Amino acid sequence: DISPLLKDPASFRAAIGLLARHLKATHGGRIDYIAGECPVAAFREPPPPRAPRAELEIQKDALEAGQRVVVVDDLLATGGTMHAACELLGRLQAEVLECVSLVELTSLKGREKLAPIPFFSLLQYE
């Protein structure tokens, strides 16, 4: 839950700054788009038990073939949402450079689902 981070402008700016520094050091100016969910309000998934799934949509003309994209999400758990985003971007023939998140739950091994796409997180929790 990153709600406390979203409520603290200085901490949120610091987190975004750290992600921006990583992306600049890794990719320089070669990123065409940052892709992610842009919520107006935080929504939560219902608690277990539920069937794991990730469904996303993107407009067919959102990107042009060959454009370089970084996928951003607040949390990487099982990797389902980021994997679905990468698949959609692949259908648009975009080049996914990397996936990044603020928090990674390492015990759920979501980064393995994203391979071979590089993944970076600011914080890791088992």
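Me: Which strands does helix α2 lie across, and at what angle does it run to β3?
Reply: Helix α2 (residues 9-27) lies across β1, β2 (68-76), β3 and β4, and runs at about 145 degrees to β3. Contact here means heavy atoms within 4.5 Å; axes are lines fitted to C-alpha atoms, for helices over the stretch in contact, with angles from 0 to 180 degrees between N-to-C directions. Helices (H or I, at least four residues) and strands (E, at least two) are DSSP runs, numbered from the N terminus.

Me: What kind of model is it?
Reply: It's a predicted model, where local features need pLDDT of at least 70 and side-chain atom pairs count only at pLDDT 80 or more, while totals for chains, interfaces and linings use all residues. Residues are numbered from 1 along each chain as its sequence is written, and side-chain values use heavy atoms, leaving out hydrogens and water.

Me: And what about helix α3, which strands does it lie across?
Reply: Helix α3 (residues 80-91) lies across β1, β2, β3 and β4, at about 165 degrees to β2.

Me: What's the strand order in the sheet?
Reply: β1-β2-β3-β4, an open sheet of four strands with parallel pairing. The edge strands, each pairing on one side only, are β1 (33-36) and β4 (119-125). Pairing takes at least two DSSP bridges between two strands.

Me: How many bridges between β3 and β4?
Reply: Six, in the parallel sense, with β3 covering residues 95-105. Serine 101 stands opposite serine 121 in β4.

Me: Switching topic, how much of the protein is buried?
Reply: Buried residues (under 20% relative accessible area, 1.4 Å probe, protein chains only) are 29% of the 126.

Conventions: Buried < 20%, exposed > 50% of the residue type's maximum accessible area, 1.4 Å probe, protein only.
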